[in-house]
Amino acid sequence: MITTSNLSKTYNDVTVLNIENLDIPKGQSFGLVGNNGAGKTTYFSLLLDLIQPTTGHIKNNNVLVSESEDWKPFTSAFIDETFLIGYLTPEEYFYFIGELRGQNKEQVDALLAQFEDFFHDEILNKKKYLRDLSKGNQKKAGIVAALIGNPEVIILDEPFANLDPTTQIRLKGIIKDLAQTKGVTVLVSSHDLMHVTDVCERIVVLEKGEVIKDLATSEATLKELEAHFSGVAEV
Amino acid sequence: MIKHFISLEWKSFFRSASFKVNLALKILMIFGALYFIAIFAALGAGSYFIIEEKMKQDPLVVINKFLIFYLVGDLAMRYFLQKMPIVNIKPLLYLPLKKDQVVNFGINKTIISFFNILHAFFFIPFSIVLIIKGYNPLGVIGWHLAILGLFYCNNFINIFVNNKDAVFYSVIGVLIALGALYYYDVFDITQFTQPIFQAFYNQPYLAIIPIISAFVLYKMAFSYFRKNFYLDAGLAKKVNIAETDNMTWLNRFGSVSTFLKNDIKLIKRNKRSKTTVFMSVLFIFYGLLFFTGFVEAYDGPFWRIFAGIFVSGGFLFSFGQFVPSWDSAYYPLMMSQNIRYKEYLESKWYLMVIATIISTVLASFYLYFGWQAYAAVVVGAIYNIGVNSHVVLWGGAYIKTPIDLSSNKKAFGDKKAFNLKTLLLTMPKLILPVVIYAIGHFAHGEVLGFILVAVSGVFGFLFKNKVFGIIEKIYKAEKYKTLAAYKQKN
């Protein structure tokens, strides 16, 4: 589904990302881990064509993302609060995204109904604008908005951060369900090793912009990751 | 302790984003400030003679008569522009500082604010002239101190009423009504207020009253903030009760309605955009300077068109030049969605057209100054809709200033908004219609001038799709630069 070749991004002679080859097949739940500055968000931004690659390219379903915009209808993302429109209420925001993705109000409502649990009665009908919600609730709204319109690729940057434990567990269920039963390719980054090993079939470790581990998740993965990152800490 | 506060202030002032400009602009800004100071000072010194000569009345009496409106205008201006002293205080809360000190400092800061000093440039020269002209010095000093006290009352009142929109608008509403009643000779509030101000001159010791009230208001402001000095009280961000509004009535605009709904909410729900609307209302009255002959330099016939463009196009200019910056806060979202640029632009265009039409209707009172005045407004509106709406959007495509919707900072011009490209684009906006009118005016007369401007407006309308195509190309070409620029918050 997503092919990355010879991709690099350089700012003022500092290479922040350098991925020679990375293929993510359709329907995979893919996890990206790495310390601050490892290049996770840079990779996602390149994937969404928000920044330009210095060399190389990414193909999303055979669409060259830096050249064509045809990847947009089947790709959605929540990276940070710049994906939220602060002066809208959550409902208005969902309908707006829905309209952009060709969904009418009823379809959006039907989708939202499935996430009643996830919202925990803190998002809808609260008479608050998105800008006035807490960070965690903003994130919930952003994540659900990324699910509108049956996207085939969903990119979530640090979806677990700022969420309460209950919501984290529910989110894990949602992500697993998307990849396993609906065949959606889900890309997730996280600092929480336990969560990624829980939800992702495959985990890639980035360090200073390079892929240094590419693991198919198994029983041993969490141990291996923990060993790796505590090793990094000791160096 | 006070040393720390002052050094913090100093740094926040000189490290603020508006100071990070190049030297030439800095010098320009200094000249600009000096210019305004000079204007006010000249007005202060000169108004005595102007009033004496033109109105043949005692200048002090005349000033006292209008002082009530001046004071209220000052309060209104403060309400919109003067920032609250308490905003930057959060990081100081948990530090080992006495709360009284912090609150005191915050309020004291407002005392030396620009909004207070500005008036000194008017009233000090005026008072000096009064003394020179043989008014009783003691009386003048008393009067001057009383006015000073009143301005400080305003200063502290503003601290209370801030964020109390309902109170503020009702007070302003009542005073505008009184102003209108005065204008139409129905009821003259100045009859009651003028003697009060006059009394400060006649009985200088009365000046103690406004000074004491300023002091009392200071104490009240102090205890108000001291009491509410908690994150969930006085320092809390005001949270508006949100109404979900699906604006189904806009669906008749078809596919554009998606964006149009958003844009209307954007204007309704954000401070910065509300200021833009307020400013465009002021622009409607800008023409008064031209059509009343108030400023002699503006009497030439060509200035009419110039005025007409501004009267009808206030919103068009102040809103349009910042498209797409209005959406800067969530630009990455827009760029990762399937945005139909044409509909996006069209929505902004509709808004500007609607605002231009409303302004033109509201400006019908210019008929009072003769049909030429209103004709200028109407053809100005046609030209604005036909030509300027496109040009403004075009210019906006080059402006990459992120807009903070929740604050009024930089609402009045932004140095990044002036680059060579946007400067070049002002030519067709303002100069071209004046030239077109001049051609018609000289060839045949004012009617032909008006017709030519209107025709060129209609003609420009034909190029709408072409220009939208160009803007779309610019948006795409500049996408990464724009995203990077919007990311840099001040």
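## Helix pair in chain B

H5(B) and H6(B) are roughly antiparallel to each other, because the angle between them falls in the class over 145 degrees. In this predicted model, local features need pLDDT of at least 70 and side-chain atom pairs count only at pLDDT 80 or more, while totals for chains, interfaces and linings use all residues. Residues are numbered from 1 along each chain as its sequence is written, with chains lettered from A in the order in which they are written.

Helix H5 (residues 114-132) and helix H6 (residues 137-161) of chain B, both DSSP runs (H or I, at least four residues), pack at an angle of about 170° with their axes 10 Å apart, where axes are lines fitted to C-alpha atoms over the stretch in contact and angles run from 0 to 180 degrees between N-to-C directions.

## Sheet in chain A

In chain A, 6 strands (DSSP runs of E, at least two residues) form an open sheet of mixed pairing in the order S6-S7-S8-S3-S9-S10, two strands being paired if DSSP finds at least two bridges between them. Strand S6 (75-78) and strand S10 (210-216) of chain A stand at the edges with a single partner strand each, so one side of each lacks a neighbour in the sheet.

Strand S3 (residues 29-33) and strand S8 (residues 185-189) of chain A run parallel and are joined by 4 bridges, and Ser29(A) has Val186(A) in S8(A) as its bridge partner.

## Contact between the chains

The contact takes 26 residues from chain A and 24 residues from chain B. Helix H2 (residues 90-100) of chain A gives the most to the chain A side, with 6 residues.

Conventions. Two residues are in contact if their C-beta atoms, placed from the backbone, lie within 7 Å. Angles under 35 degrees count as roughly parallel, over 145 as roughly antiparallel, 65 to 115 as roughly perpendicular and the rest as oblique.
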